[in-house]
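Dear colleague,

I am passing on the structure we spoke about, together with some notes on what turned up when I went through it. Please read them with the model open beside you.

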Amino acid sequence: MEKPRQGFWGLWNISFGFFGIQIGFALQNANMSRIFQSLGESLDNLTALWIAAPLTGLLVQPVIGHMSDRTWLGKLGRRRPYFLAGAIMASLALFVMPLAPALWFAAVMLWILDASINVSMEPFRAFVGDMLRKDQHTAGYSLQTAFIGAGAVVGSIFPWVLDHLGVANEVAGGGIPDTVKYSFWFGGLIYLLSVLWTVFSTQEYSPDELRAFGQDSADSDSSTIRALAARSPVSALVWIAAGAGVAMLVSFMGLEKEVYLLAALMAGYGFASLIAIQLAKSGRDNNMLSHIVGDFSGMPEIMKKLALAQFFSWSALFIMWIYTTPVVAQYAFGSSDPASAAYNEGGNWVGILFAVYNGVAALAALFLLPKLAQRFGKVNTHMACLLAGSAGFAAFLFIRDPHMLLLAEIGIGIAWASILAMPYAILASSLPQSKLGIYMGLFNVFIVVPQLLVATVMGSILKAYFPTEPIWTMAFAAAVMALAALATLRVKEPA
């Protein structure tokens with residue numbers, strides 16, 4: 001028995017909530033460095049404050065994915081309860097964030113905001129796979145990417161529009177300007193309303209219907225638990241030892257203290273694996289930890305290969321989100337002083353740049369990617385788009401005219417569209433349908449880990465080698481995006 005084919009409005013309703021989610025994500029990406037610097041933080045400490053975002057994603061997404069695979073709340077469904085809960089929490093965080101009286105408060109609110117966005121976002125990836133036939137996965141993820149691009153345009157352009165409507169764009173003596181405050185408040189409202197649209201306009205398939213479609217419950221597949229029980233604890237001990245080794249290097253070499261977080265995560269995964277292995281060996285396999293560790297260690301081969309490309313591509317994106325504002329303000333507007341009018345003008349222009357690459361992504365997802373994927377295949381399309389993104393980042397090294405930077409954003413936008421659509425379209429048609437939630441959550445670990453590496457290591461590199469020249473961060477972004485393109489050569493597209 002096959003799932004019913006969804007028409008255009010069915011595809012629209014399934015993905016419309018991502019429009020609001022991405023508004024919140026865009027406001028965070030384009031404005032958090034500006035908020036931190038407005039509250040007195042220095043350039044070389046920005047990465048430490050941004051650690052909250054990827055860390056929450058690393059912890060939240062696998063847990064939410066595992067839980068959503070096993071949830072059924074009657075009429076509310078299985079994925080939609082998480083959309084709704086995350087939307088309520090994220091909207092509240094967006095309302096409170098611009099009222100931050102001090103730097104520590106803004107950092108805490110970033111943590112809450114990103115955790116809430118992840119609660120909403122992660123189940124949406126699996127939701128498309130739940131609701132659509134395999135021959136509609138590319139169309140579903142492409143439309144979802146179009147909503148992501150449109151939402152990001154709206155979120156990124158808010159401060160610039162408000163500035164041109166006469167809202168104050170700077171605060172005497174420093175502080176968060178009204179353009180940013182009102183943007184966060186409007187964004188929070190739209191976030192909630194758009195997720196409510198998907199919650200009330202869609203009806204999820206029940207567990208009985210999914211079984212009729214050939215999707216057994218996630219609990220019925222115990223192969224990863226059996227594989228976990230057969231594992232030696234040596235691999236877990238290696239992770240613990242590696243974490244201890246990194247911590248010793250930080251101490252001996254005087255690296256930035258944020259690198260201790262990387263050491264703690266490595267050792268933490270080792271301890272979690274050790275506990276999960278022992279639980280599986282003792283027959284106590286009905287626990288979340290064993291399932292998550294077992295599914296992570298037993299990932300399908302195509303997922304492992306795509307993960308490497310994700311690792312490099314998201315490293316480049318995170319560099320861009322952290323450093324575009326100081327780069328554009330210093331090199332295109334001539335100011336590195338967060339309290340100056342020129343710096344704030346540069347901050348608003350970054351919103352325009354981000355709106356352009358997201359707008360390009362929306363158009364590419366609707367009109368370019370499906371045609372390229374049909375003619376050349378999803379994998380080859382993804383590689384070509386990543387190379388376009390690498391060229392866009394490299395352009396920042398040579399362009400000083402703010403308006404000419406719009407050309408760089410075209411390449412970045414094409415890459416962004418592919419990053420958001422192609423890997424998920426490939427995976428949704430290749431993974432066990434009953435485990436889409438947990439596998440999508442685990443796949444996103446390879447989005448989060450590179451962000452943590454950037455947040456812990458990039459600050460050390462910047463401070464040590466070019467403390468007053470943030471432009472070189474774009475060279476790093478161009479290089480790792482090119483590596484992402486090369487990594488796709490290992491991926492064999494399923495028939």
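Helix 18, which spans residues 436-443, is mostly covered, since 8 of its 8 residues are buried. The buried residues of helix 18 are Leu436, Gly437, Ile438, Tyr439, Met440, Gly441, Leu442 and Phe443. Please keep in mind throughout that this is a predicted model.

**The chain as a whole**

The protein chain has 20 helices and 0 strands. Its radius of gyration is 22 Å, close to the 23 Å that the globule rule gives for 495 residues, so the protein chain is as compact as a globular protein of that length. Taken along the principal axes, the C-alpha atoms fill a box of roughly 60 × 55 × 45 Å. Of the 495 residues, 59% count as buried, and among contacts between residues at least 6 apart in sequence, 81% join residues at least 24 apart. The protein chain exposes about 18500 Å², of which carbon and sulfur atoms supply 69%. As for charge, there are 28 positive and 28 negative side chains, and the centres of the two sets lie 10 Å apart.

Serine 194 sits in helix 8, residues 178-201. With a relative accessibility of 3%, serine 194 falls under the 20% limit and therefore counts as buried. A polar atom of the serine 194 side chain lies 3.0 Å from the backbone oxygen of tyrosine 191.

Which groups does the side chain of threonine 71 reach through polar contacts? One is the backbone oxygen of methionine 67, at 2.7 Å, and another is the side chain of tyrosine 82, at 2.6 Å. Beyond its neighbours within four places in sequence, threonine 71 is in contact with Gly77, Arg78 and Tyr82.

Leucine 162 is found in helix 7, residues 137-164, and is buried, with a relative accessible area of 9%. Leucine 162 and valine 180 are 18 residues apart in sequence, and their C-alpha atoms are 8.7 Å apart in space. Once the neighbours within four places in sequence are set aside, leucine 162 is in contact with Val167, Thr179, Tyr182 and Ser183.

Methionine 474 has its place in helix 20, residues 472-487. Is methionine 474 buried or exposed? Its relative accessible area is 0%, so methionine 474 is buried. The C-alpha atoms of methionine 474 and leucine 397 are separated by 7.0 Å, although the two residues are 77 apart along the chain. Apart from neighbours within four places in sequence, methionine 474 is in contact with Met320, Tyr323, Thr324, Val327, Phe393 and Phe396.

With best regards

How values were computed:
Residues are numbered from 1 along each chain as its sequence is written. This is a predicted model: local features need pLDDT of at least 70, side-chain atom pairs count only at pLDDT 80 or more; totals for chains, interfaces and linings use all residues. Side-chain values use heavy atoms; hydrogens and water are left out. Helices (H or I, at least four residues) and strands (E, at least two) are DSSP runs, numbered from the N terminus. The radius of gyration is taken over C-alpha atoms; the globule rule is 2.2 Å times the number of residues to the power 0.38. Buried means under 20% relative accessible area, exposed over 50%, partly exposed in between (1.4 Å probe, protein chains only). Contact means heavy atoms within 4.5 Å. Accessible areas come from the Shrake-Rupley method with a 1.4 Å probe; for residues, only the protein chains shown count as cover. Lys and Arg count as positive and Asp and Glu as negative; His and the chain ends are not counted. The place of a charge is taken as NZ of Lys, CZ of Arg, CG of Asp or CD of Glu. A polar contact is a pair of N or O atoms within 3.5 Å; within protein, one must be able to donate a hydrogen and the other to accept it, and residues adjacent in sequence count only if both atoms are side-chain atoms.
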